Amino acid sequence: MLEEVKCLGIESTAHTFSSSIVRLKSLKEGEILSNVRSIYTPPKGSGIHPTEASRHHTKVAPAIMHSSLKEAKLTMKDIDVIAYSAGPGLGPCLRVGATIARALASYYNKPIVPTNHAIGHIELGCFLTGLLDPLVLLISGGHTLITAYAGKRWRIFGETLDLTIGQILDQFGRELGYSSPAGSIIEELASNSKNYILMPYTVKGNDVSFSGLLTYAKKLLAKGYKVEDICYSLQETAFAMLCETFERAIAFCEKREAMVVGGVAANKRLSSMVNSLADRYKINLKVVPMEYSGDCGAQIAVVGALAFKAGYSVGVEKSLVRRSWRIDDVEIFWRD
Amino acid sequence: MGNITEYILERLIKKGAEADIYEARWYGLRAIAKIRKAKEFRNPELDYEIRRKRTLREAKLIALAKSFGIPTPLIYFVDPNTAEIVMQFIEGIRLRELSLKEKEKALPYYQFVGKNIALLHKNRIIHGDLTTSNFIISQGKPFLIDFGLAFLSDEEEDKAVDLHLIKQILLSQHYDIYEEAFNLLLEGYRSILGEIGSLIRKIKEIERRGRYARVV
């Protein structure tokens, strides 16, 4: 087996089309050689349309693939393995990445690793932060869950029972006339208010439920409340729910390290809240660097390299997509 | 605790996520004082509301559960404004530790646990936080604690979420005994409430819902 693996990773789960090349010896040793992306933006006030997004991906793919090789100063011949996001995600979008991976793999005769997108967020986070066994809070448009590794799986300690945190931010942003992703706009609006309005707060054990909160925020908007106050209260309430479940998981599973990953990890209010939690429990907490918090090829390339190093890859005939692919269904070959 | 003189805090047992737990004396009785401390990362208004509401709920529903024959601690004293509860001290080992250390000993209790959950549900009580940390094995019985997230409901959805929570903990923390433990739990549950096919389907539906958002 190769000591060092060069992996090309293709991400195309939802909004983002991205390609990245990493050089990896282990989770502790390696380098991201390139990470190029293009993000599809839906028209103002509307959400992502899967077919439109996949059209965007098809259009930008050749240029993105080219620049990721060029930036890494490599050619396809140098690549040991090709990884793509096989799920979970939007069908039409996933198929773009999978098709490119298959085409390249057959033409250049390379092995393929179908990769779970959520595991990608987590393992890339571990690689970047240097935390090897953290409790993880994964917060994005596609996911809201708390997970920790044990016995060959990332096991789920808590999750959302309905909408994800990214969804409520995006859907409320859409009500205000912005296009998704709208998290950073909501954050900016929220920072202009300190006027808290009591909103539905729903924690069930280690799980959260956001649907009542979103409905309530929309109702306040219709009644003419100040937009800044609603954004502030929406953030305060939703983040307090996430922090509470995260805190419970910290207390319950007794890990010494914790990590926040996913697109919503870029929110400064949220990271100040989780940092305050970490101080209270004296655990080593890291938030994934903002450049890598959103969807990107590097998350796919890192997992591809780890899996390939551990002896896993498939041929073209098995390179399928899985729209709903639970993270605790994925066997983690590369961890003890 | 300057304003309350009826009980004496003796030692801090645990700084928990939800509250600080003290061993205390209540008119000479060995007791537990549960104090929900303010969380500085939370907006203060939201924080006060959460602590007040949960303290009240916990005291009310712990007593209500007891009236239906479910082993729970006796409540001695409640102050919602300072978010404090004083209750009976239950001497024993948590189901969590027993399940991690002595699996064979722990397993038979899961049937009892299932029975108690069914008794709660039969009487409209949803616990809201069923974990293996919240059952204390004492005098051969699993005592149920921590009713801060409990509420009253007849909805199948709420009962299903309750069972999903304990299933999730078994799968993540006690995965080596998950199958046996959860089957015993359901057996106990059925012994009180009979056939529960539609409830099991509801649990599966809930689990599918949040795993990956389909509409981004």
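Trainee: Which residue in β12(A) is the bridge partner of A:M259?

Mentor: This is a predicted model, in which local features need pLDDT of at least 70 and side-chain atom pairs count only at pLDDT 80 or more, while totals for chains, interfaces and linings use all residues. Residues are numbered from 1 along each chain as its sequence is written, and chains are lettered from A and ligands numbered from 1 in the order in which they are written. Strand β11 (residues 257–261) of chain A pairs with β12(A) in the parallel sense over four bridges, where strands are DSSP runs (E, at least two residues; helices are H or I, at least four) numbered from the N terminus, and pairing requires at least two DSSP bridges between two strands. Within β12(A), the bridge partner of A:M259 is A:K286.

Trainee: In what order do the five strands of the open sheet in chain A lie?

Mentor: The pairing in this open sheet is mixed, and its edge strands, each pairing on one side only, are β8 (153–159) and β12 (284–287) of chain A. The order of the five strands in chain A is β8-β7-β6-β11-β12.

Trainee: Which residue in β8(A) is the bridge partner of A:T147?

Mentor: Strand β7 (residues 144–150) of chain A pairs with β8(A) in the antiparallel sense over six bridges. The two strands form a hairpin with two residues between them, and A:G151 in the turn has a positive phi of about 55°. Across this pairing, the partner of A:T147 in β8(A) is A:I156.

Trainee: How many of the seven residues of β8(A) are buried?

Mentor: A residue is buried if 20 or more other C-beta atoms lie within 10 Å of its own, exposed if 12 or fewer, and partly exposed in between, with C-beta atoms placed from the backbone. By that count β8(A) is largely enclosed by the rest of the structure, because the number of its seven residues that are buried is six.

Trainee: Is B:R208 buried or exposed?

Mentor: B:R208 is found in helix α7 (residues 197–211) of chain B. Because 11 other C-beta atoms lie within 10 Å, B:R208 is exposed.

Trainee: At what angle do α5 and α7 of chain A pack?

Mentor: Axes are lines fitted to C-alpha atoms, for helices over the stretch in contact, and angles run from 0 to 180 degrees between N-to-C directions. Helix α5 (residues 183–190) and helix α7 (residues 227–253) of chain A have axes 7 Å apart, and they pack at an angle of about 110°.
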